[in-house]
Amino acid sequence: MSLFIDIFGYLSVVLRGLILVAQSFTLGGLAFQLLLWRPFQRQLSADSTAVGSRLKTVFGVSALAWSLLTAAAMALNAAALVGTLDVSWGDAASADFGRADLVITACALGIAVMAKGPWTRLRAGALLALALLALGTQLELTHAASRLDARWPLLLADGLHMLGAGVWIGGLPSFLIALNGCHQAKDRSRIAQRYSLMSMVAVTALILGGAIMAFAYLGSFEAIYGTAYGVMVLAKIVLLLMLLTLGGCNYLSVQALHRDPTAPVLRLKRFVEVELGIGLTVLLTAASLTSLPPGVDLSQDRLSWPEIVERAAPEWPPRLVSPDHDRLTISLLQARIAAAEAQQTRAPPASVPGDGVILPRNAEDIAWSEYNHHWAGIFVALIGLLALIEHFWWGRWARHWPLVFLVMAAFLFVRADEQAWPLGPIGFFESFRDPEVAQHRVFIVLIAAFGLFEWRVRLNGERAGNAALVFPLVTALGAALLLTHSHAIANIKEQLLVEMSHTPLALCGATAGWARWLQLRLPGRMSRIASWIWPVAFLLVALLLLDYREA
Amino acid sequence: MKMGRFTGVARACAFSALLLALPHGASGHAIIVSSSPATGETVAEGPLSIHLRFNSRIDHSRSRLTLLAPDGGQQALIATPGSSADQLDAEAKALSAGQWRLRWQVLSVDGHITRGDIPFGVR
């Protein structure tokens, strides 16, 4: 049980993220069926039958996943209560969250069972009722439910927000299936126009609900940059703007289809793929956000604007010399840490089971970490520069840039675990006993393998096929990881400042990953534009890494 | 290069990307807005009234308060019935001089578990 308690915090956010994805896909799938597919079914051509069946399968699987994941979340929370409070399983499961999870599990299971087969008007009505009941109950598990003030307006706003996200982002897989499966130009034009209209209404609901919640939960302008909640809201807004830009381009494509149904739809499909990828990142960010206390409640230890500016101001040169040879700077750094700690007013600390203890860090630890970040910045800058040089006729040699990943892996192998071989006293094999060291070693092997894999892709050019998609997917995945990393529950300034630097890194990473995806998946001018965007995004990541400081 | 013709490698990558992209770490969200005793406060010897106010409504029957004595002993406290929705109150027996910790764990009504310690002194 103690091991379980240790990983409880991690597991609960994992489940929350997956539940939001499954919930959105279910709501989106249902909206797509009720507002688009069923009304148009008779007007669509023969190949739409197979598409309809595929849509129902995806919808049913999403609902089943929603049900199973909610049941797992209920069991997880109940187990945490049993493990920490000495209460019975029955007592733990009968808490408010247990009852809400039970209702959602049953509703989602009902949807999954009823998704198959012909949809009569009665069945469609029942599916809608079950989905709305599940969504309404889900609201009981949000911030709004536990507020003391303005509970109903916030519940309503959250409901609108989740419904909007469901119809828009959750409807994207269905839209993509329909675009790929329907081969008649008229069918595609009809589907695209209706989905475009649905998305616009959904986006309005999503923004309206989100704006109400942002005002209520942030409370002041200072909370936007002063609290982890505010920073995550900001990240969500940037991702939303990226999605809206893509959506705007798609709108133009849909209008072109309206004027001429035979207009090409390849760009529309590819943009929808990227919209879906960024949409998933937003949902995972939202899961991370829902587990944070609202910024309005954290009035102590917020970051001030001068503190952020002071940290973000570039310092030259970057720390490229290992701390062992840099004693003077370290002592100065130590004085700055002590001064910063003295300024901090201590709010009552809080955590969830499994959060662990935040160990104190001294100047040497920080210098070590900054050195690693700055060298990583140099490697990433090299990758971005070489990828740019590769564009020119004289720069063909630069296509070997994935080999920089091998150098990076070697650097991390030496630097990541200072207590282990080759720098520390612990032997190579002996060091694997430490799970953290073992984890680092696995990542290092993965980075090296990734570099070799992408190198092969560069050497094979066009012949590499879908293997080339590994690079953008892994880059986008890294960005999503950064956006969903752990947060300090109370405002711990140093952690907030680190978070502040990681958030733009993640946003640049997402831009790089999805721009590369478009370069590979689109022909012509759009592909060429995208091929310039992602190396520039890499260079921005490099600059951010070179500017990274922990004190 | 259609999605339908994803190679095995790309399929595996898409799957592992989804798995790896899962959120990392967690926090609950019932946090203390005000407390008596406050963090670091020094109180007089004798019985002590404890009042913790949170930023959200909490499930009283699934929340706990424990006092950790200077000698390492533990004293489970019984929450006073009838507290307001966002408050957890208790009465502690006579406390001896020394450094104490008030350990709290609450379940907010939206299902998040949060815990923490409030260190305070008795003279």
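Why does B:Glu45 count as exposed? B:Glu45 has 12 other C-beta atoms within 10 Å and is therefore exposed; a residue is exposed at 12 or fewer such atoms, buried at 20 or more, and partly exposed in between, with C-beta atoms placed from the backbone.

This is a predicted model, in which local features need pLDDT of at least 70, side-chain atom pairs count only at pLDDT 80 or more, and totals for chains, interfaces and linings use all residues. Residues are numbered from 1 along each chain as its sequence is written, and chains are lettered from A and ligands numbered from 1 in the order in which they are written.

**Chain B**

B:Glu45 lies in the loop between strand 2 and strand 3 (46-54) of chain B. Helices (H or I, at least four residues) and strands (E, at least two) are DSSP runs, numbered from the N terminus. Not counting residues up to four places away in sequence, B:Glu45 touches B:Leu95, B:Ser96, B:Ala97, B:Val122 and B:Arg123; a contact requires C-beta atoms, placed from the backbone, within 7 Å. B:Glu45 and B:Ala97 are 52 residues apart in sequence, and their C-alpha atoms are 6.3 Å apart. The loop between strand 1 (32-36) and strand 2 (42-43) holds B:Pro37, which is joined to B:Ser36 by a cis peptide bond with omega of about 5 degrees.

**Chain A**

Chain A has 20 helices and 0 strands. Of its 551 residues, 46% count as buried. The mean pLDDT of chain A is 85, where pLDDT is the predictor's confidence in each residue, from 0 to 100. Residues 325-331 of chain A stay under 50 in pLDDT, and the model has 7 contacts for them beyond four places in sequence.

| Element of chain A | Residues | Mean pLDDT |
|---|---|---|
| helix 14, lowest | 327-343 | 55 |
| helix 5, highest | 121-138 | 96 |

The largest nonpolar core has 169 residues, of which A:Ile111, A:Leu283, A:Phe538 and A:Val541 touch the most other members. Such a core is a set of buried Ala, Val, Leu, Ile, Met, Phe, Trp, Tyr and Cys residues joined through C-beta atoms within 7 Å. Helix 1 (residues 2-40) of chain A gives the largest share of this core, 17 residues. Beyond four places in sequence, the contacts of A:Leu283 are A:Gly17, A:Leu20, A:Val21, A:Ser24 and A:Ile169.

In helix 16 of chain A, the buried residues are A:Val404, A:Phe405, A:Met408, A:Ala409 and A:Leu412. They lie on the same side of helix 16 because they cover an arc of only 145 degrees around the axis, taken from the directions from the helix axis to the C-beta atoms.

Key:
Two residues are in contact if their C-beta atoms, placed from the backbone, lie within 7 Å.
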